Structure formats: C-alpha cells, structure tokens
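Let's walk through this structure together, one question at a time. Take a look at the sequence and the model first, then try each question before you read on.

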Amino acid sequence: MSEKKDCPIKAKYRFNEDELRVLHECKTESFYQRSLPLSTTFGLAAYLGVKRGVLTPNAKYGAVPKVILAAMLGYFVGKWSYRQKCAEKLMALPDSKFGEMLRHRKHHKCEGGFFNPQQSLCMGMPFGPFNLKESDVHCDKHLHPDNKNKQNAESSKS
C-alpha cells in the first residue's frame, strides 16, 4: 500500500512589496469601510431588539451576549464582503504573480459558477505559482454522476 505523505503541497510563494502593500490596504480598508460600520449596526440592532422585547435577554448578562455575537457577525460579514474589491486591487498590479493567478481564475470560471454539474469534480484551481504535480492533486472523478452511470452500465454488461 502507498504511504501517506505529510503535506504534498508546499506553497513557497513570497509576496512582493506591492502585493504586501495592497494586502495591508485591504486589511485596513475592509475594517474601516465594512467591518466597523456593520459591527456597529448589527450590535446596535441586537441591543435595540433586546430592549424592545423582540429578542429575549440573557437571564444573567442581559443584552451583552447578543450584542457581542451580532458585532462579531458584522465584523466577519464586513471582511468577507470586501474580498472581491481586494482581489480586483491585486489583479490590477502589473508584475504580480498572485494577481496573475487571480486573473486566470476569474477568466476560467465556469459559466454556472465554480461548479458546473456537467464538468468533472476534478476541475481544479489554477495554482500556477505553486508548481503542483498531477500526483499532488486528489481527484473525486469516480463520484461524478455520469461516471457512476457508466460504471453501473459496465457492471451490468458483465
């Protein structure tokens, strides 16, 4: 039997100065432009919901747990909502391998989104800078519905 590898994919990509600058800008802008306003709004909405009786307060801590959870949700929703703008900034960098990978990924996206049922489950992400070998990529081709039908037809012929 084959031995298990610890980690077959070793990403040795180093961001250049421009990429690091853009990533830092993204981190800062996503916080001030999205996360902070949404955290404040969600937290305030939770507080008002508890005070007006729409949400039930905690017996011991009152509105505090709901406000904290709502603010955390707002923070993560804000960060997540900024990811496309950050990707666009990285793609706009002229000499960025990472931006090139994102551009390639954007242009080779399936028409129905990332997963199109007519395609194999092996369709992978373009990891150009990471130099993956075919043996490093796991494939679930045998789980594709078309392949199951073919396998069933072949087994019924036998």
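Q: Which residues form a nonpolar patch on the surface, and how much accessible area do they have together?
A: Keep in mind that this is a predicted model. The nonpolar patch on the surface is formed by Y61, V64, I68, L69, M72, Y75 and F76. Together these residues have an accessible area of about 720 Å².

Q: Is F76 buried or exposed?
A: F76 is one of the residues in the nonpolar patch. The cut-off for exposed is over 50% relative accessible area. F76 has 53% relative accessibility, so F76 counts as exposed.

Q: Why does Y75 count as partly exposed?
A: Partly exposed residues fall between the buried cut-off, under 20%, and the exposed one, over 50%. Y75 is partly exposed because its relative accessible area is 31%.

Q: How many aromatic pairs are there?
A: Rings of Phe, Tyr and Trp pair if their centres lie within 6.5 Å. By this rule, the count of aromatic pairs is four.

Q: What kind of aromatic pair do F31 and Y32 form?
A: The ring centres of F31 and Y32 are 5.0 Å apart, and there are 80 degrees between the planes. Planes over 60 degrees apart count as edge-to-face. The F31 and Y32 pair is therefore edge-to-face.

Q: What kind of pair do the rings of Y75 and F76 form?
A: Here the centres are 5.1 Å apart. The planes of Y75 and F76 stand at 80 degrees, so the pair is edge-to-face.

Q: Which residues do ring pairs link into a cluster?
A: F31 and Y32 form an aromatic pair, and the rings of Y75 and F76 form a pair too. Ring pairs link these residues into a cluster: F31, Y32, Y75 and F76.

Q: What separation do the C-alpha atoms of L48 and V67 have?
A: L48 lies in helix α1 and is partly exposed, because its relative accessibility is 34%. Along the chain, L48 and V67 are 19 residues apart. Their C-alpha atoms are separated by 9.4 Å.

Q: What pattern does the chain follow along the sequence?
A: The secondary structure comes to five helices and zero strands. Read along the sequence, the pattern is α-α-α-α-α.

Note on methods: Residues numbered from 1 in each chain as written. Predicted model: local features only at pLDDT ≥ 70, side-chain atom pairs only at ≥ 80, totals over all residues. Heavy atoms only, no water. Phe/Tyr/Trp six-rings, centres within 6.5 Å; stacked < 30°, edge-to-face > 60°. Buried < 20%, exposed > 50% of the residue type's maximum accessible area, 1.4 Å probe, protein only. Helix = DSSP H or I, 4+ residues; strand = E, 2+ residues; numbered from the N terminus. Patch = residues over 30% accessible without salt bridge, like charges linked within 9 Å, V, L, I, M, F, W, Y side chains within 5 Å. Areas by Shrake-Rupley, 256 points an atom, 1.4 Å probe, with all protein chains shown as cover. Salt bridge = Lys/Arg side-chain N within 4 Å of Asp/Glu carboxyl O.
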